[in-house]
Amino acid sequence: MNRELLLSIFRDAHVVDIDMSDWDQCIRLAVVAMEATAFPARRLPVYIVELQRVTEFAVKFGHHERAPDFGHYQWNVDSVQLEDTDEGFRLRLSGSRLMPVFTISFAGLEMRQLDNSMLDRRFPGWSKPGASFIRSGIEQQVEEKKRKP
């Protein structure tokens with residue numbers, strides 16, 4: 001595992017999606033890395049952080065006391081802790097008191113960078129302020145599919 005890359009991705013990050021479609025094998029986070037850059041570019045890099053063989057998954061929310069000014073809160077991370085465990089690793093991500101505290105224990109990890117332009121084509125508006133996660137929820141996707149001829 002490339003600890004240095006993982007820590008640099010989350011040092012100042014914006015979580016834009018959680019993919020639990022393969023939960024029995026891995027949980028994937030899509031993250032805009034504010035500080036980590038793999039190559040010079042006009043836009044901030046987006047990484048898929050694939051946490052494999054997950055044994056613990058917990059999220060604590062603290063945002064209910066205050067509504068966002070518009071749209072949705074952006075899930076920002078500015079504190080990352082990674083510790084070794086008997087089974088692998090435990091990752092804890094947190095930010096301001098309004099941001100979720102995310103804790104996950106896992107045995108393996110893969111990280112890869114995504115092409116922002118591919119996300120723009122498939123999910124227009126995903127990077128606008130106040131946007132929710134990259135992908136809409138399943139109910140919204142079904143409704144959108146019904147409206148399209």
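**Close-up views of a predicted model**

View 1. W75 is buried, with a relative accessible area of 10% (buried means under 20% relative accessible area, exposed over 50%, partly exposed in between; 1.4 Å probe, protein chains only). This is a predicted model: local features need pLDDT of at least 70, side-chain atom pairs count only at pLDDT 80 or more, and totals for chains, interfaces and linings use all residues. Residues are numbered from 1 along each chain as its sequence is written, and side-chain values use heavy atoms, with hydrogens and water left out. Rings of Phe, Tyr and Trp (its six-membered ring) pair if their centres lie within 6.5 Å; planes under 30 degrees apart count as stacked, over 60 as edge-to-face and the rest as tilted. The count by this rule comes to 4 aromatic pairs. In one of them, the ring centres of W75 and F102 are 6.0 Å apart and the planes stand at 70°, so the pair is edge-to-face. W75 lies in strand 5 and F102 in strand 8, so the pair ties together parts that are 27 residues apart in sequence. Helices (H or I, at least four residues) and strands (E, at least two) are DSSP runs, numbered from the N terminus. F102 is buried too, at 0% relative accessible area. Ring pairs join F57, W75, F102 and F133 into a cluster.

**View 2. Q74 and its contacts.** Q74 sits in the loop between strand 4 (56-60) and strand 5 (75-77). Its relative accessibility is 19%, so Q74 counts as buried. The Q74 side chain makes a polar contact with the side chain of H14, at 3.1 Å. A polar contact is a pair of N or O atoms within 3.5 Å; within protein, one must be able to donate a hydrogen and the other to accept it, and residues adjacent in sequence count only if both atoms are side-chain atoms. The side chain of Q74 also reaches the backbone oxygen of A131, at 2.8 Å. Leaving aside residues up to four places away in sequence, Q74 touches H14, M99, K128, P129, G130 and A131 (contact means heavy atoms within 4.5 Å).

View 3. An open sheet of 5 strands runs in the order 5-1-2-3-9, with antiparallel pairing. Two strands pair if DSSP finds at least two bridges between them. Strand 5 and strand 9 (108-114) stand at the edges with a single partner strand each, so one side of each is left without a neighbour in the sheet. From one strand to the next, the twist averages 30°. Axes are lines fitted to C-alpha atoms, for helices over the stretch in contact, and angles run from 0 to 180 degrees between N-to-C directions. Strand 3 and strand 9 are antiparallel and joined by 7 bridges. V46 stands opposite L114 in strand 9. Helix 1 lies across strand 1 (13-19), strand 2 (26-33), strand 3, strand 5 and strand 9, at about 125° to strand 3.

**View 4. Strand 1 and its partners.** Strand 1 is mostly covered, with 7 of its 7 residues buried. Strand 1 pairs with strand 2 in the antiparallel sense over 6 bridges. D19 has R28 as its bridge partner in strand 2. A hairpin of 6 residues joins strand 1 to strand 2. Strand 5 is linked to strand 1 by 3 bridges, and the two run antiparallel. Here A13 has V77 of strand 5 as its bridge partner.

View 5. A sheet of 4 strands, open and antiparallel in its pairing, has the order 4-8-7-6. Strand 4 and strand 6 (79-84) are the edge strands, each pairing on one side only. The twist averages 10° from one strand to the next. Strand 7 (residues 89-94) and strand 8 (residues 101-106) run antiparallel, joined by 5 bridges. F89 has F106 as its bridge partner in strand 8. Helix 1 (residues 3-10) packs on the sheet and touches strand 6 and strand 7; its direction makes about 155° with that of strand 6.

View 6. R53 is found in the loop between strand 3 (46-52) and strand 4. The phi of R53 is near 55°, a positive value in a residue other than glycine. Most residues other than glycine have a negative phi. S127 lies in the loop between helix 2 (116-122) and helix 3 (138-147). At 45% relative accessibility, S127 counts as partly exposed. The C-alpha atoms of S127 and D84 are separated by 33 Å, with the two residues 43 apart along the chain.
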